[in-house]
Amino acid sequence: MMYEATPDERRLFYKEEWNKREIPEFILHSLSLREFGFDLDGTGPSHRYNQFITVEQLENFMRSRAPYSAFASVALYERPSAREGWLKSELALDIDAKDLPFKPCECSNGRVCEQCIDEARRVAMEFADTLAQDLDMRNINFVYSGRGFHIRVVDEAVMGLGQNERGQIVEYVTGGVVPTDTTMAFGYSKVFRERVAKTFGALDGEKLLEIKGMKRPIVQRLMVEKERALEAIRRGRFDDISSFEGMGPKTLSSLLGFLTKINFRFTDGKVTIDTKRILRLPSSLHSGVSMKCMLVRDIEHFKLEDAVPKFVRERVM
Ligand SMILES: [Zn+2]
């Protein structure tokens with residue numbers, strides 16, 4: 001199903017199927033303040049520093065050039081065609097199915113399938129839930145990117161954040177770093193405990209043997225009593241885990257470090273931190289996989305079929 005689109009298919013898509021009305025409102029209303037970037041022929045997004053004052057200008061460009069890929073900045077600028085006069089940026093999280101630290105499928109490096117894309121969808125929902133519940137973010141949008149999902153937050157309070165704060169948000173949401181701040185006197189946050197428990201639950205014994213100082217008898221114990229270990233992590237009773245025979249505080253700390261490092265790989269932190277990033281434009285074609293990048297209004301019920309362009313359905317028949 002996921003083959004590269006030919007130049008003819010791209011032209012057909014932009015002539016007959018692409019619709020400017022599928023560009024999300026949160027991009028449309030700030031269109032002229034964004035930098036647009038394009039990969040015109042499949043060699044990389046080198047056509048940067050473009051500005052469109054009206055959506056009709058963008059439409060003309062898309063129809064006449066039928067780009068291999070189209071992107072728009074998460075940032076708004078006074079002078080987008082010079083990437084100058086930064087005003088603010090969306091908060092973006094990129095969950096790419098091909099980069100998930102563990103997958104429910106047999107996809108090799110760089111490949112994606114329906115199963116791992118669905119796993120990326122679940123991860124995106126979890127992260128968005130944390131952004132909403134714990135950090136009180138309201139205007140959270142999901143975009144199917146072609147190989148995974150983007151979370152794009154456009155709350156005013158969030159758009160002014162700098163790189164450091166964005167980095168801390170990624171760490172918090174993913175459970176990607178062992179927290180060390182003063183709140184630790186009250187124990188690990190719920191989201192941290194849950195993320196770590198989930199990753200621990202998904203690992204097998206062989207994987208745990210990669211941890212520094214971890215010996216086979218401890219791993220065997222942890223595997224036999226996995227439920228007890230999981231419960232201890234979920235409740236933040238890490239003393240219970242270090243009471244597993246042979247497991248000292250050092251090994252426990254290596255275990256936590258190992259699990260958080262895996263957690264950190266569920267999203268590409270560089271995307272979130274980079275306030276000048278360009279992201280694939282919803283409505284455009286992801287030519288590498290012949291899928292539509294699109295705004296997802298109902299993430300819970302998203303079906304991959306919704307993103308299949310007409311020309312793909314016709315080519316299968
Ligand atoms: Zn897969």
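Trainee: In which hand does α4 pass α7?

Mentor: Two packed helices are described by the angle between their axes and the distance between the axes. In this predicted model, the crossing of α4 past α7 is right-handed.

Trainee: What are the distance and the angle between the axes of helix α4 and helix α7?

Mentor: The axes of α4 (residues 114-133) and α7 (residues 190-202) come within 12 Å, and they cross at roughly 170 degrees. That angle makes α4 roughly antiparallel to α7. On the α4 side the contact is formed by E126, F127 and T130, and on the α7 side by V191, R195 and K198. Sorted by class, this contact of α4 with α7 comprises three charged, two nonpolar and one polar residues.

Trainee: At what angle do the axes of α7 and helix α12 cross?

Mentor: The axes of α7 and α12 (residues 249-264) cross at roughly 90 degrees and come within 9 Å. The two helices, α7 and α12, are therefore roughly perpendicular to each other. α7 contributes F192, R195, V196, T199 and F200 to the contact, while α12 contributes L255, L256, L259, T260, I262 and N263. By class, seven nonpolar, three polar and one charged residues make up the contact of α7 with α12.

Trainee: Turning to the metal site, which residues are the protein donors of the zinc ion?

Mentor: The SG atoms of C105, C107, C113 and C116 are the protein donors, and they lie 2.2 to 2.4 Å from the zinc ion. Along the sequence, these donor residues follow the spacing C-x1-C-x5-C-x2-C.

Trainee: Why is the arrangement of the four donor atoms around the zinc ion called tetrahedral?

Mentor: Ideal angles at a metal are 109.5 degrees for four tetrahedral donors. Around this zinc ion, the four donor atoms subtend angles of 103 to 113 degrees, and the arrangement is therefore tetrahedral.

Technical notes:
Residues are numbered from 1 along each chain as its sequence is written. This is a predicted model: local features need pLDDT of at least 70, side-chain atom pairs count only at pLDDT 80 or more; totals for chains, interfaces and linings use all residues. Side-chain values use heavy atoms; hydrogens and water are left out. Axes are lines fitted to C-alpha atoms, for helices over the stretch in contact, and angles run from 0 to 180 degrees between N-to-C directions. Helices (H or I, at least four residues) and strands (E, at least two) are DSSP runs, numbered from the N terminus. Angles under 35 degrees count as roughly parallel, over 145 as roughly antiparallel, 65 to 115 as roughly perpendicular and the rest as oblique. A crossing is left-handed if the near helix is turned anticlockwise from the far one by less than a right angle, and right-handed if clockwise. Contact means heavy atoms within 4.5 Å. Ala, Val, Leu, Ile, Met, Phe, Trp, Tyr, Cys and Pro count as nonpolar, Asp, Glu, Lys and Arg as charged, and the others, Gly among them, as polar. Donors are N, O and S atoms within 2.8 Å of the metal (3.2 Å for Na, K and Ca); water is not among the atoms, so sites may look incomplete. Four donors count as tetrahedral if all angles lie between 85 and 135 degrees; four count as square planar and six as octahedral if opposite donors are over 155 degrees apart and all others between 65 and 115; anything else is irregular.
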